[in-house]
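User: I would like to go through this model with you. Could we begin with one residue and then widen the view?

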Amino acid sequence: MITVSEVTKGFGGRTLFRDVNVAFSPGANYGLTGPNGCGKSTFMKILLHAEETDQGTVNLPRRVGWLRQDQAAFDEHRAIDTVIMGNQRLWSAMVEREALYAKEDLTDEDGERLGELEGIVAEEDGYEAEARAAILLDGLGVTQAEHEKKLSELQAGARVRVLLAQALFGDPDALLLDEPTNGLDMDAIIWLEEFLVAYAGVLVVISHDRRFLNAVCDHIADIDYETIIIYPGNYDEMVRQKAQVRNRVDKDNAAREKKIAQLQDFIARFAAGTRSSQTRSRAKQVEKLRPEEVKRSNIARPFIRFPSGEPSGRDVLHVENLSHSYGDDLVFEGFHADVQRGDKVAILGRNGVGKTTLVRALLSDENQLAGKVKWGHNTRIGVFGHDHRDRITPGRTVYSWLFEQRPEVGEQHVRGILGRMLFSNKDGEKPTATLSGGEAARLVMCELMLLEHNVLVLDEPTDHLDLESCSALREALEAYDGTVFFVTHDRDLASVANKIWTYPQHRELIHYGGSLDEYVDWHRKYYAATA
């Protein structure tokens, strides 16, 4: 059980939440939701006692697993050992035991201590520790060869996976996970979902992946109205409940306002006449009927629409016998594909197989070994790349940078697009160098909306977006009448695709014919058969 009592926290002169009283129960999985900037990560840090409250207390169970951010602290440790450190009691006992066994002469006191340490190791299932840690690493896509490497020798994505395995290790009483799917491919996300559904402790998780929250969570702890409200059910059910509650309050308030207007009209007409007692009675009714003061919700959903302008030709892209390398490494070879106007192509596969390399191959002949990439008539391509932040020129304001991209449309049009993407007039004067990851992503989306491309190439566009923005992007791609190529691990976004390009294995790139759900099922069976 995690209990939160009378917790208040403000930041930068703004109250994030006030007098919060919630309990997170064992056996329940809670999604912690709210838009970017509402205080989700701050609240998670408060739960971990890594952030002070303005007032109030938090009580945690004995063993808590959490996704650490301090990767450098484990640089000199093997990946397998880093995972086992998730159970600090076990790890400390194993280290001390190893030091005692390394001594040439053991005293009687050493022998007694060894007995105590062996007891701790046995209590914590330490004799199976490496095997259990390896299962976690395998499930999260860390290769066997990487298990024995120091964390400093691994790529950034693998290090994050090791630290996630560390959080999961040793059956903690509670799990606190902030964006655990970041950097995970679809296979690892599905594995993590199954692990968390079977987990018996109390889980609190932050994620911008709607399908992940729906699959894993049976409760939602939503930060809104300066408090935290617990809703039963998954994310979609919370959205429905929240809308129903708000609609009921709004309708009730509208009825009260109508009644108040009638009473005030009566008071205005007869206050000075013979009906003064009746007007006093109605004035009391007005006070009783005052609408409930409902704090304003912090939910703000962007409106994303990508105009395509003048359409491209019917045949948008022809790829013939394409082979590509990255340095000396062959990424794929002999790839063929044809794409027509209006197609939506999802590029899927495990991390590191070459999805971004494929995107770059479509846009440039650099590192191309053989084959042909031919774009069709009148294709105007807009790109949201991994390095999208580099597109935004420093030394500008948000508004001036966007205005420079297409000044002929005028200030009002540019500010309108910024407003639809939740940039206020004040935000428009913010220096581009100070933008957060989410703000930079939304600004590049503004550019794509402004320039009216008829082809979009998007590489992990949901990174740094909150749930509301991810849902808005999905709807925008569904409504877009141009052609889209997009790399993603977000199954909700991938479900809009009518074509799937995927890497079943290293150096093999194919066009899979089937729906996303069929692909996921086929993909898992494929890897199970080849494992």
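**A loop residue, the cores and a sheet**

Analyst: Glutamate 124 is placed in the loop between helix 4 (108–123) and helix 5 (129–139); helices (H or I, at least four residues) and strands (E, at least two) are DSSP runs, numbered from the N terminus. The model is predicted, so local features need pLDDT of at least 70 and side-chain atom pairs count only at pLDDT 80 or more, while totals for chains, interfaces and linings use all residues. Residues are numbered from 1 along each chain as its sequence is written, and side-chain values use heavy atoms, with hydrogens and water left out.

User: Does glutamate 124 count as buried or exposed?

Analyst: Glutamate 124 counts as buried because its relative accessibility is 14%. Buried means under 20% relative accessible area, exposed over 50%, and partly exposed in between (1.4 Å probe, protein chains only).

User: Which residues is glutamate 124 in contact with?

Analyst: Leaving aside neighbours within four places in sequence, they are Arg62, Asn87, Arg89 and Leu90. Contact means heavy atoms within 4.5 Å.

User: Changing topic, how many residues has the largest nonpolar core?

Analyst: That core has 52 residues, and Leu168, Leu177 and Leu196 have the most contacts inside it. A nonpolar core is a set of buried Ala, Val, Leu, Ile, Met, Phe, Trp, Tyr and Cys residues joined through side-chain atoms within 4.5 Å.

User: Which helix gives the most to this core?

Analyst: Helix 7 (residues 156–168) does, with seven residues. Beyond its neighbours within four places in sequence, leucine 168 has contacts that include Leu136, Leu177, Trp191 and Phe195. A second, separate core of 46 residues includes Val414, Leu448, Leu465 and Ala494.

User: And the open sheet: in what order do the six strands come?

Analyst: The order is 14-15-16-12-17-18, with mixed pairing; two strands pair if DSSP finds at least two bridges between them. Strand 14 (381–384) and strand 18 (508–512) are at the edges with a single partner strand each, so one side of each has no neighbour in the sheet. From one strand to the next, the twist averages 15°.

User: In which sense do strand 17 and strand 18 pair?

Analyst: Strand 17 (residues 499–505) and strand 18 are antiparallel, over four bridges. Threonine 502 stands opposite isoleucine 510 in strand 18.

User: What lies across strand 14 and strand 15?

Analyst: Helix 15 (residues 437–451) does, and it runs at about 175° to strand 14. Axes are lines fitted to C-alpha atoms, for helices over the stretch in contact, and angles run from 0 to 180 degrees between N-to-C directions.
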